[in-house]
Structure formats: C-alpha cells, structure tokens
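Let's walk through this model together, one stop at a time. Please keep the sequence and the 3D view open as you read.

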Amino acid sequence: MSTVDKMLIKGIRSFDPENKHVITFFKPLTLIVGPNGAGKTTIIECLKLSCTGELPPNARSGHSFIHDPKVAGETETKGQIKLRFKTAAGKDVVCIRSFQLTQKASKMEYKAIESVLQTINPHTGEKVCLSYRCADMDREIPALMGVSKAILENVIFAHQDEANWPLQDPSTLKKKFDDIFSATRYTKALEVIKKLHKDQAHEIKTYKLKLENLQTLKDAAYERRESIAQRKKK
Ligand SMILES: Nc1ncnc2c1ncn2[C@@H]1O[C@H](COP(=O)(O)OP(=O)(O)OP(=O)(O)O)[C@@H](O)[C@H]1O
C-alpha cells in the first residue's frame, strides 16, 4: 500500500518562501489541528497538487496559491512542494514541484517551473532525479501510488470547497462516479472490443471465400490428374 511520509512546503499561501516547513505524517493516523488561517487546508491542497497536479478551486489559476509577492515585499516569489511517499511497490520516491509568481508591469504571472521525481538507486544508494513535463508527472504519481487520479482528487484529498460533490446535480455526479470507477475506460474498452470483433469477422469472411476458391482449384486439379492417368492406362 502506498503511504505519504513527509511533505515540505515553501512559499505556498501563508507558508513563507524563506523557511522550509516540514510535515511528518504518522501511521495509522495524522491529525492536523490549528486555529483558523493556520494553514490546515493549505496542507491538504499541497498533498492534492503534489499527487494529481490539480490546483485548488479557489487558486485563480495558481495566482493566489503561491505566497503573495506583495506580502513578502518582493516582485517575485518561488513556491515549492516536496512530497516523500512510498509507492504501492514499497519504493521511496520524492516528488518535487516548483512554482513562481512574478509581478509584471500590469499583472501577476504564475508559472509551474519544475516537476522532478527523485528515487534512490537500491544498489548504489545514489539519488536519481528525473525531470518530467507536468502532464506526464500528473499521470506518473497516481500510477506509482496505485490509486487513480479521480480517487486522489475526489475522495482522498477532496477539497473542503468541493467536498459536497455527492450532492451536486445528476450530470456532475454521474461524471464523478464514472471517473472514480473508470467507467469511461471500460466503455472505451467495449468499443475497441466491438470494433476488433467486426474486423475479425470481416477477415474470416474473406478467408472463407479464398478457401472456397482454392478448394475449387484443388478439385479441378484432381479431376485433371485422374483423366490424365486414365488416358495413359488406355
Ligand atoms: N497567496 C497568499 N499569500 C499569502 N498568504 C495567503 C495567500 N493565500 C492565502 N493566504 C493565507 O493563508 C492562510 C490560509 O490558510 P488555510 O485556509 O490553509 O487555513 P486553515 O487552517 O485551513 O483555516 P480554516 O480553519 O479557517 O479553514 C490564511 O491565513 C490566508 O490569509
């Protein structure tokens, strides 16, 4: 079973960019307790972003997720989340995502600048870093954890602003359930199987026709051989 062990947060929401804040997760349970505005929701948001690449619903495309440069008295702030977890196969992996928020002349610019997966070579003990495109990293982590992105997003790290999705309108509810139970994947698999079945049936029909033709040629060849043999006897 996959477990999250530790998370480092820097420069996200109220977590300032100058200090590293490390949260260690305990087994079997970790309680996150603190006054309003202490950063409890931010911890869950960071866990969700690390695992799925999904920003929180109120993040204004990342602009209000990174520590505000105005609060830091800078023109640019850098944010980083490092998540150490055990994969479903029991391997230690560190996922590192880095971001940047820059005050431009008229607007703020948000950028995801780096996505790295760090593993440890079991033979040499050396750290191995692999850089990923964000989209590839978003697929890789759920696969390593052995949990689908939909379950991480809607069940395990459901954001408090979206936690009442089971009470939403029927079409949203259906979509969420389809994602959670991978129904779309099965519908697609069924479509592929049906197409494969149709193609195979068409191929069988063609081979049957070819076989009939070859049988006719074979019969004709036998007949001719027999008539030649009879002519020779005479
Ligand atoms: N972009 C930002 N830059 C700096 N600080 C921010 C930014 N966005 C939010 N904050 C601050 O971060 C904190 C957010 O805390 P969070 O919502 O995680 O707290 P919480 O412990 O979950 O609170 P509650 O118990 O009220 O839900 C707030 O104090 C907010 O003012």
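R13 sits in the loop between strand 1 and strand 2; helices (H or I, at least four residues) and strands (E, at least two) are DSSP runs, numbered from the N terminus. This is a predicted model, in which local features need pLDDT of at least 70, side-chain atom pairs count only at pLDDT 80 or more, and totals for chains, interfaces and linings use all residues. Residues are numbered from 1 along each chain as its sequence is written.

The phi of R13 is near 45 degrees, a positive value in a residue other than glycine. Most residues other than glycine have a negative phi, and most peptide bonds are trans. R13 is also buried, with 22 other C-beta atoms within 10 Å. (Buried takes 20 or more such atoms within 10 Å, exposed 12 or fewer, and partly exposed lies in between, with C-beta atoms placed from the backbone.)

You will find S182 in the loop between helix 5 (170-180) and helix 6 (183-233), where it counts as partly exposed with 14 C-beta neighbours inside 10 Å. For a cis peptide bond, look from K27 to P28, where omega is near 5 degrees; P28 belongs to the loop between strand 2 (21-24) and helix 1.

Leaving aside neighbours within four places in sequence, I12 is in contact (C-beta atoms, placed from the backbone, within 7 Å) with residues including T42, C46, F65 and I81.

Helix 1 also supplies the largest share of the shell around the ligand, 3 residues. Of the 14 residues around the ligand (C-beta atom, placed from the backbone, within 6 Å), S14, G37, K40, T41 and T42 come nearest.

Finally, the axes of helix 1 (residues 40-52) and helix 4 (residues 149-156) come within 10 Å and cross at roughly 170 degrees. The two helices are therefore roughly antiparallel to each other, a label for angles over 145 degrees. Axes here are lines fitted to C-alpha atoms, for helices over the stretch in contact, with angles from 0 to 180 degrees between N-to-C directions. At this contact, K48, C51 and T52 in helix 1 meet K149, L152 and E153 in helix 4.

Note on methods:
Angles under 35 degrees count as roughly parallel, over 145 as roughly antiparallel, 65 to 115 as roughly perpendicular and the rest as oblique. Two residues are in contact if their C-beta atoms, placed from the backbone, lie within 7 Å.
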